[in-house]
Amino acid sequence: MSEHSGHAIAERVQGIVDDHAEMEGPLLPILHAIQDEFGHVPEEAVRPIAAALNISRAEVHGVISFYHDFHTEPRGRHIVKICRSEACQARGGQSIEDKARELLRLNWNETTPDGSVTLEPVYCLGLCTSGPSALIDDRPVAKLSGEKLAALVKELD
Ligand code: FES
């Protein structure tokens with residue numbers, strides 16, 4: 001992921017769209033490729049995708065908003081996801097949620113002003129028996145305590 005100007009975004013999006021032109025059902029692969037490139041799906045990407053696939057912009061927006069893995073805003077260099085599902089809640093997840101928001105001074109889906117960290121909820125990581133759980137930059141963390149979370153967050157730049 002890198003900084004991109006509006007022109008560079010348009011050019012790169014067109015390249016990605018062209019790369020998938022022959023594919024069957026290309027919308028999701030195109031959106032994933034764009035998110036891999038930019039870290040999110042920029043608004044500038046919607047029009048060329050719609051034009052290339054001969055669908056409306058509303059349809060493209062609909063797919064982006066349907067799948068929670070697509071993001072329309074830039075995210076932090078690090079992503080801290082805290083499990084908010086029931087099993088983790090039963091094991092003290094609420095205090096971990098509170099601690100995460102306090103440590104990062106963020107609410108859900110916000111990013112620190114320096115672009116370092118985005119805080120996101122997640123709903124079950126398959127670590128239910130050893131919760132509370134989190135995912136920090138794709139690294140699963142179980143049996144979280146406030147102290148453990150503070151140490152992990154401190155490691156993030
Ligand atoms: S409920 Fe948190 S990992 Fe399953």
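Modeller: Happy to; we can go through the domains, a set of cysteines, a serine and a helix. Keep in mind that this is a predicted model.

Colleague: Which domains does the assignment give for the protein chain?

Modeller: There is domain 1, covering 1-66, and domain 2, covering 78-155. Their C-alpha centres are 30 Å apart.

Colleague: And which residues does the UniProt "binding site" annotation cover?

Modeller: According to the unreviewed UniProt entry, Cys83, Cys88, Cys124 and Cys128. They are spread over 46 residues of sequence but cluster in space, with a largest C-alpha distance of 9.3 Å. Cys83, Cys88, Cys124 and Cys128 also take part in lining the largest cavity.

Colleague: Where is cysteine 124, and what does it contact beyond its neighbours within four places in sequence?

Modeller: Cysteine 124 sits in the loop between E3 and E4. Beyond those neighbours, it contacts Cys83 and Ser85.

Colleague: What about serine 133, buried or exposed?

Modeller: Serine 133 is buried, at 1% relative accessible area. A polar atom of its side chain lies 3.4 Å from the backbone oxygen of leucine 127.

Colleague: Switching topic: which residues of helix H3 are buried?

Modeller: Val46, Pro48, Ile49 and Ala50. Their cover includes helices H1, H2 and H4. After H3 comes asparagine 54, with a positive phi near 60°.

Conventions: Residues are numbered from 1 along each chain as its sequence is written. This is a predicted model: local features need pLDDT of at least 70, side-chain atom pairs count only at pLDDT 80 or more; totals for chains, interfaces and linings use all residues. Side-chain values use heavy atoms; hydrogens and water are left out. Domain bounds come from an automatic or database domain assignment. Buried means under 20% relative accessible area, exposed over 50%, partly exposed in between (1.4 Å probe, protein chains only). A polar contact is a pair of N or O atoms within 3.5 Å; within protein, one must be able to donate a hydrogen and the other to accept it, and residues adjacent in sequence count only if both atoms are side-chain atoms. Helices (H or I, at least four residues) and strands (E, at least two) are DSSP runs, numbered from the N terminus. Contact means heavy atoms within 4.5 Å. UniProt positions are given in the numbering used here, feature names are shortened, and annotations may be inferred rather than shown by experiment. On a 1 Å grid over the protein atoms alone, a cavity is a set of points where a 1.4 Å probe fits but cannot get out, and a pocket is an open set with protein on both sides within 12 Å along at least five of seven lines; lining residues have an atom within 4 Å of a point.
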